[in-house]
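This report sets out selected features of a protein model. The sequence and structure come first, and the description follows.

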Amino acid sequence: MRVLVVGAGGQLGRELRRAPWDPATAVVTRRSAELDITDRDAVLADVESIEPDVIVNAAAYTAVDRAEDDEARALAVNGTAVGHLAVAADRAQALLVQVSTDYVFDGTAAGWYVETDPTGPVSAYGRTKLAGERAAAVADRCVILRTAWVYGALGSNFVTTVLRLAAERDELRIVADQVGCPTSAADLAAAIVALTGWSEGGARPTPSRLYHVASPEPATWHELAIAVLEASGVPFTGECHAITTADYPTRATRPANSRLDSGRLARDLAIELPGWRRSLRAVVAEIEQGRR
Ligand SMILES: NC(=O)c1ccc[n+]([C@@H]2O[C@H](COP(=O)([O-])OP(=O)(O)OC[C@H]3O[C@@H](n4cnc5c(N)ncnc54)[C@H](OP(=O)(O)O)[C@@H]3O)[C@@H](O)[C@H]2O)c1
């Protein structure tokens with residue numbers, strides 16, 4: 001099997017490079033400087049020359065606040081470019097794995113979101129990612145994976161930010177009224193490996209084309225921050241205050257509740273992610289090891 005990963009320089013992309021692929025799988029990676037997915041001709045030519053069985057799109061415009069003032073660019077990357085990948089995948093008869101987000105939901109549901117729940121993004125980022133889902137769905141063979149609150153040792157994310165701020169300040173103020181499913185990029189990458197193995201490189205269609213793939217354990221940002229501080233080998237002696245979303249205004253609106261129910265993935269493909277607390281410890285240890 002030959003797998004092409006685009007957006008290979010990001011958090012997920014870098015985890016996919018070191019993910020537990022079968023030794024018989026050839027993984028070809030493209031960072032943004034090597035392949036700009038908004039360049040339709042370049043996408044079509046590169047995919048044609050690589051002849052992948054699977055294309056994993058780990059590329060995205062992920063600056064949620066910046067997207068509010070830059071929606072056209074966000075749409076070009078998160079929406080239109082996914083259409084280029086869908087065409088390229090069809091020409092190569094490849095499976096397109098499109099990664100999406102919990103931010104396609106408005107966050108007003110009382111419970112967990114399942115795949116059949118209506119979408120209703122409340123941010124430019126969410127709107128453009130939903131456009132990407134629709135663009136991917138045009139492909140003959142595609143799987144859309146919605147994930148959430150991605151953190152890892154490779155890249156910048158909430159966990160790396162908390163560790164940095166804890167070293168600089170003696171007081172942290174963290175939002176405690178948004179709840180989601182913090183998901184390790186390594187766990188997500190491993191799920192993608194398992195999915196492509198299950199589907200025999202895309203030759204075997206998955207029962208559904210849309211799956212939620214997130215940690216089964218919910219948290220607020222404040223709970224996650226506390227767990228990061230507890231997992232850290234560097235004691236934080238200051239205060240970590242719980243604040244509200246209203247206390248910390250941001251350019252983009254974020255869903256108050258974006259808990260993703262990943263039960264369909266478990267039932268259909270027997271793929272289950274571990275709880276975030278277990279994965280977090282390994283990630284914090286790797287970040288701190290890298291800083292020594
Ligand atoms: N991070 C989260 O909390 C989160 C939550 C839910 C869903 N997701 C989804 O999960 C996926 C992976 O996210 P991530 O956290 O790994 O994001 P990330 O760390 O921001 O990585 C995104 C990568 O996409 C690349 N990219 C941007 N524009 C590109 C273009 N035109 N052509 C090719 N590559 C381009 C970026 O390269 P440059 O840096 O060079 O621009 C970067 O390496 C995305 O689909 C994202 O929407 C993420």
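## Basis of the model

The model is predicted: local features require pLDDT of at least 70 and side-chain atom pairs pLDDT 80 or more, while totals for chains, interfaces and linings use all residues. Residues are numbered from 1 along each chain as its sequence is written, and side-chain values use heavy atoms, with hydrogens and water left out.

## Nonpolar cores

A nonpolar core is here a set of buried Ala, Val, Leu, Ile, Met, Phe, Trp, Tyr and Cys residues joined through side-chain atoms within 4.5 Å. Buried denotes under 20% relative accessible area, exposed over 50%, and partly exposed the range in between (1.4 Å probe, protein chains only). The largest core has 68 residues, and those touching the most other members are Ile-37, Ile-55, Leu-96, Val-159, Leu-172, Val-228 and Leu-280. Helix α3 (residues 71–92) supplies the largest share of this core, eight residues; helices (H or I, at least four residues) and strands (E, at least two) are DSSP runs numbered from the N terminus. A second, separate core comprises 27 residues, including Val-5, Leu-16, Val-193 and Leu-273.

Contact means heavy atoms within 4.5 Å. With residues up to four places away in sequence not counted, Ile-37 touches Val-6, Val-43, Asn-57, Ala-59, Val-77, Ala-81, His-84 and Leu-85.

## Aromatic groups

Rings of Phe, Tyr and Trp (its six-membered ring) pair if their centres lie within 6.5 Å; planes under 30 degrees apart count as stacked, over 60 as edge-to-face and the rest as tilted. The count by this rule is four aromatic pairs. Trp-149 and Trp-221 are stacked, because their ring centres are 3.5 Å apart and their planes lie at 5°. This pair joins distant parts of the chain, 72 residues apart: Trp-149 is in the loop between β5 (142–147) and β6 (150–151), and Trp-221 is in helix α7 (residues 221–231). Both Trp-149 and Trp-221 are buried.

The rings of Phe-158 and Trp-221 form a tilted pair, since their centres are 4.8 Å apart and their planes at 45°. Phe-158, in helix α5 (residues 158–168), is 63 residues from Trp-221 and is partly exposed, at a relative accessible area of 22%.

## Ligand site

The ligand is surrounded by 25 residues, of which Leu-12, Ser-32, Thr-62, Tyr-125 and Lys-129 are the closest; a residue is near if one of its heavy atoms lies within 4 Å. A polar side-chain atom of Asp-36 is 2.9 Å from a ligand nitrogen atom. Ligand oxygen atoms lie 2.7 Å from a side-chain N or O atom of Tyr-125 and 2.9 Å from a backbone N or O atom of Val-150.

## Buried polar residues

Asn-78 is found in helix α3 and is buried, at 1% relative accessibility. Its side chain makes a polar contact of 3.1 Å with the side chain of Thr-128. Such a contact is a pair of N or O atoms within 3.5 Å; within protein, one must be able to donate a hydrogen and the other to accept it, and residues adjacent in sequence count only if both atoms are side-chain atoms.

Glu-288 lies in helix α9 (residues 276–291) and is buried, with a relative accessible area of 13%. A polar side-chain atom of Glu-288 lies 2.8 Å from the backbone nitrogen of Gly-233.
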